[in-house]
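Hi,

Here is the structure I said I would pass on. Have a look at it first, and my notes follow below.

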Amino acid sequence: MSSTLTFLAENAPTAKGYGAIGYGLAAIGPGIGVGIVVGKAIEGIARQPELQGTIRTTMFLGIAFTEALALIGLVAGFIF
């Protein structure tokens, strides 16, 4: 793993196809985060159905903030 990272760091200007790998790695965290947010929202709605609207609104805010991390990873891939 270390040698792969060293290779990518040394050949970053010439390694054109590795941006997709970098974005793929950057998307793992937000993907897991969205899964956790939605799962916990479903649990909350199952426990208290009368708060469904509030929980859903909060869930969508959490998803938006979590997906912002994926967009930052995409932009960072273009910048670096």
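Let me start with T66, which is buried, as its relative accessible area is 14% (buried means under 20% relative accessible area, exposed over 50%, partly exposed in between, with a 1.4 Å probe and protein chains only). T66 sits in helix α3, which covers residues 52–79; helices here are DSSP runs of H or I with at least four residues, numbered from the N terminus. Beyond its neighbours within four places in sequence, T66 is in contact with P30, G33, V34 and V37, where contact means heavy atoms within 4.5 Å.

Before the rest, the ground rules. This is a predicted model, so local features need pLDDT of at least 70 and side-chain atom pairs count only at pLDDT 80 or more, while totals for chains, interfaces and linings use all residues. Residues are numbered from 1 along each chain as its sequence is written, and side-chain values use heavy atoms, with hydrogens and water left out.

Now the core. V34, A41, I55, M59 and I63 make up the largest nonpolar core, 5 residues in total. By that I mean buried Ala, Val, Leu, Ile, Met, Phe, Trp, Tyr and Cys residues joined through side-chain atoms within 4.5 Å. Both α2 and α3 supply at least two residues of this core, and α3 gives the most, with 3 residues. If you leave aside neighbours within four places in sequence, M59 touches V37, V38 and A41.

Also on α3 is L74, which is partly exposed at 31% relative accessibility. L74 and A20 are 54 residues apart in sequence, yet their C-alpha atoms are 9.0 Å apart in space.

On the surface, I21, L25, I28, I32 and I36 form a nonpolar patch with about 490 Å² of accessible area together. Patches like this take nonpolar side chains (Val, Leu, Ile, Met, Phe, Trp, Tyr) within 5 Å of each other, from residues with over 30% relative accessible area and no salt bridge; the areas are Shrake-Rupley values with a 1.4 Å probe, and only the protein chains shown count as cover. I36, in helix α2, is exposed at 52%.

Last, the charges: there is 1 salt bridge, meaning a side-chain nitrogen of Lys or Arg within 4 Å of a carboxyl oxygen of Asp or Glu. K40 pairs with E43, with 3.9 Å between the closest N and O atoms. Both are in α2 (residues 18–47), 3 residues apart, or about one turn of the helix. K40 is exposed at 53%, whereas E43 is partly exposed at 39%.

Cheers

Terms used
Patches are made of residues with over 30% relative accessible area and no salt bridge: like charges are joined within 9 Å, nonpolar side chains (Val, Leu, Ile, Met, Phe, Trp, Tyr) within 5 Å.
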